[in-house]
Amino acid sequence: MSSTNPSTAPYRRSRSGVRAAALTACLAVAGVLGTTVPAAHAAQAPAPADHHGGAARCRGEGVDPSAAIRYRSDIVIKAPLSTVFTLQTDVARWPSWQPPVLTMRRLDQGPLRKGSRFRWTTPAPATPTTPATTLSITSTVQQLQRDRCILWRGPAIGEALGIDEGVHLWTFTKVEGGVRVHTEETWTGAQVEADVPTATKALGDGLEAWLHDLKATAEARAHR
């Protein structure tokens with residue numbers, strides 16, 4: 001979900017109707033909450049095409065096309081595809097290489113697959129209108145294709161701060177010298193939509209930090 005910078009924008013108090021039934025979480029929130037990274041810069045970059053020539057998808061599904069808050073970015077990682085994909089999908093071990101992930105618990109057993117759920121927490125600093133809090137994120141995998149892609153969705157909920165739903169897509173493509181990792185995410189909810197530019201920057205900062213951590217960890221493992 002990536003590292004420290006939740007938006008410091010004046011979010012309104014989370015509406016009581018946060019969709020707790022939504023089963024997954026925006027992973028990028030995690031990254032948004034823990035590190036200093038360059039300002040979001042790729043929100044308008046063209047999304048890569050899938051092998052059918054359309055927008056990026058995982059088994060035909062992608063991010064929310066109607067969401068006002070969205071960000072996408074890419075990075076090339078000099079490591080084997082299997083290393084990168086396994087690192088990203090071994091969610092139980094995220095805390096070992098993503099400092100913003102405070103706790104992680106699988107809600108089912110076995111390999112990560114469509115329908116798998118996991119719950120994790122990440123800190124969110126205080127803003128002018130909300131206290132420092134810890135976001136609880138319950139993520140459900142919507143689609144997964146080994147060594148190709150993963151998509152999950154769901155809410156992030158904390159004291160006086162919430163994202164109704166984040167939808168997060170990752171794709172992995174072999175390229176010369178390594179793997180191109182593409183990620184994109186959308187957020188919806190009245191609280192974050194009250195300040196779209198600030199929320200978009202928070203999302204972008206988080207995703208950039210996550211990509212950086214994924215690259216550093218995968219390349220270190222590959223070069224051992």
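Modeller: C58 has a relative accessibility of 0%, so C58 counts as buried (under 20% relative accessible area, with exposed over 50% and partly exposed in between, using a 1.4 Å probe and protein chains only). C149 is buried too, at 3%. This is a predicted model, in which local features need pLDDT of at least 70 and side-chain atom pairs pLDDT 80 or more, while totals for chains, interfaces and linings use all residues. Residues are numbered from 1 along each chain as its sequence is written, and side-chain values use heavy atoms, without hydrogens and water.

The sulfur atoms of C58 and C149 lie 2.2 Å apart and form a disulfide (a pair of cysteine sulfur atoms within 2.5 Å). The structure holds 1 disulfide. Its S-S torsion is about 70°, so the disulfide of C58 and C149 is right-handed. The two cysteines are 91 residues apart and link distant parts of the chain: C58 is in the loop between α1 (28-32) and β1, C149 in strand β5. Helices here are DSSP runs of H or I with at least four residues, strands runs of E with at least two, numbered from the N terminus.

Strand β5 belongs to an open sheet of 7 strands, ordered β1-β7-β6-β5-β4-β3-β2, with antiparallel pairing (two strands pair if DSSP finds at least two bridges between them). The edge strands are β1 (69-77) and β2 (103-106). Helix α5 (residues 196-222) packs on this sheet and touches β1, β5, β6 and β7, where contact means heavy atoms within 4.5 Å.

Notes: Axes are lines fitted to C-alpha atoms, for helices over the stretch in contact, and angles run from 0 to 180 degrees between N-to-C directions.
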